[in-house]
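Biologist: I've got a model open on my screen and I'd like to learn how to read it. Can you walk me through?

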Amino acid sequence: MPDIEFNKQTDFTAPDFRETAGLVYGSDVVQVENVLQKDRLSIRDLGVLLSPAAAQRLPAMAARAAELTALRFGRAIQLYTPLYLSSFCTNNCRYCGFAVGNQIERRVLSLDEAEREALLLAERGFSHLLLVAGEAPARMGVDYLEVLTGRLRGRFASISIEIQPLSEEDYRRLFRAGITSVAVYQETYDRDTYQKVHQAGPKADMTYRLATPARAAGAGMREVGLGALLGLADWRLEGIALGMHLAWLRTHYWQTALTVSFPRLRPAAGNFEPMVRVGEDDLAQLLFALRIFDHDVGLLLSTREEARFRNGMLGLAPTRYSAGSCTAPGGYSNPDQQGEQFAIDDQRTIEEVSRDIRARGFDPVRKDWDAVFQEVV
Ligand code: SF4
């Protein structure tokens with residue numbers, strides 16, 4: 001397969017996993033050593049770092065990733081927490097507790113309830129708020145978010161969303177309201193797997209979802225987050241696809257900051273079993289490879305992972321940690337709230353996470369941006 005050259009006129013298209021497999025599975029340790037000496041990596045080089053051969057050089061990859069992370073991000077670890085607004089969803093993703101076919105207790109927070117939850121998080125010291133909801137626009141759409149953001153924007157340094165994909169015009173409306181970043185995870189870039197696990201609802205349209213980060217960036221969002229849910233398809237090939245998507249976005253939307261998240265499948269209602277195994281070593285290799293490939297990308301490590309692993313990864317590649325998270329709407333005011341999206345592993349409070357970060361010589365940062373920097377057009 002020739003190295004990737006992007007056509008500026010076309011939308012991003014997901015790579016064919018059968019073709020990109022050749023970039024990963026033919027590499028040897030000598031190639032890995034050579035790539036680790038380079039400053040700028042091609043997609044082919046990224047494939048080398050995602051190879052089974054590179055797993056034998058994990059300590060060298062960790063050292064290179066740590067060096068680049070320190071150069072670009074210093075010792076700062078940004079903390080954020082999700083605020084779940086609604087557990088209603090019109091999709092039936094097989095791996096998710098909110099899937100429409102699951103019998104769970106569902107709710108959508110009223111504007112007053114959502115504001116109360118948000119202010120509780122502000123009292124706990126969070127300045128960056130991530131608003132999350134299942135994809136049910138009739139229950140929780142742009143009008144709701146516009147009003148809620150208007151109520152909250154003076155209280156938080158930044159407000160992000162992780163909701164259903166929207167049109168560019170709707171993203172523009174929300175940007176004007178005060179939302180500055182959008183996360184929309186592709187879940188898997190492998191078309192066959194995508195179709196198997198997204199058989200109903202609007203999410204079955206893979207092409208529309210794939211173009212969503214570009215619509216958000218086109219609307220002026222300061223930051224856009226990508227992600228692949230690990231456990232659905234070959235994680236090495238998801239890594240190649242993520243690298244290609246990042247590179248495409250950097251070519252077209254160089255003003256937009258980018259982040260990547262690598263959620264590993266967790267237990268959820270529906271009892272979906274991962275289709276492939278992704279171990280901690282695999283996740284670490286993926287994080288190191290992406291950091292060495294793209295020095296500027298923000299890398300997220302959420303409370304899906306154990307505290308032990310998250311502590312061990314400090315300073316190596318991730319730059320952003322969630323903390324004190326609850327995945328059920330209303331769960332901060334009511335710790336007994338049922339109906340979570342998935343079970344979290346790291347149950348530490350924000351104070352405990354901050355203490356552990358400091359103990360390892362890093363700075364937990366609860367605020368690194370302010371809404372006054374935002375130029376609304
Ligand atoms: S992953 Fe998102 S879209 Fe799919 S069922 Fe869960 S909340 Fe809905």
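Biologist: How many helices and strands does the secondary structure of the chain come to?

Modeller: The chain has 15 helices and nine strands, where helices (H or I, at least four residues) and strands (E, at least two) are DSSP runs, numbered from the N terminus. Mind that this is a predicted model: local features need pLDDT of at least 70, side-chain atom pairs count only at pLDDT 80 or more, and totals for chains, interfaces and linings use all residues. Residues are numbered from 1 along each chain as its sequence is written.

Biologist: How do I read a pair of packed helices, say α5 and α13?

Modeller: Two packed helices are described by the angle between their axes and the distance between the axes. Here α5 (residues 58–73) packs on α13 (residues 280–293) at about 45°, axes 9 Å apart; axes are lines fitted to C-alpha atoms, for helices over the stretch in contact, and angles run from 0 to 180 degrees between N-to-C directions. That makes α5 oblique to α13 (under 35 degrees is roughly parallel, over 145 roughly antiparallel, 65 to 115 roughly perpendicular, the rest oblique).

Biologist: Which residues of α5 and α13 make the contact?

Modeller: Among them are Leu58, Met61 and Leu68 of α5, and Ala284, Phe288 and Ile292 of α13; contact means C-beta atoms, placed from the backbone, within 7 Å.

Biologist: And which residues are around the ligand?

Modeller: Cys89, Asn91, Cys93, Cys96, Phe98, Ala99, Gly134, Glu135 and Lys203, each with its C-beta atom, placed from the backbone, within 6 Å of the ligand.

Biologist: What about the box that the C-alpha atoms fill?

Modeller: Roughly 60 × 45 × 45 Å, along the principal axes.

Note on methods. Contact = placed C-beta atoms within 7 Å.
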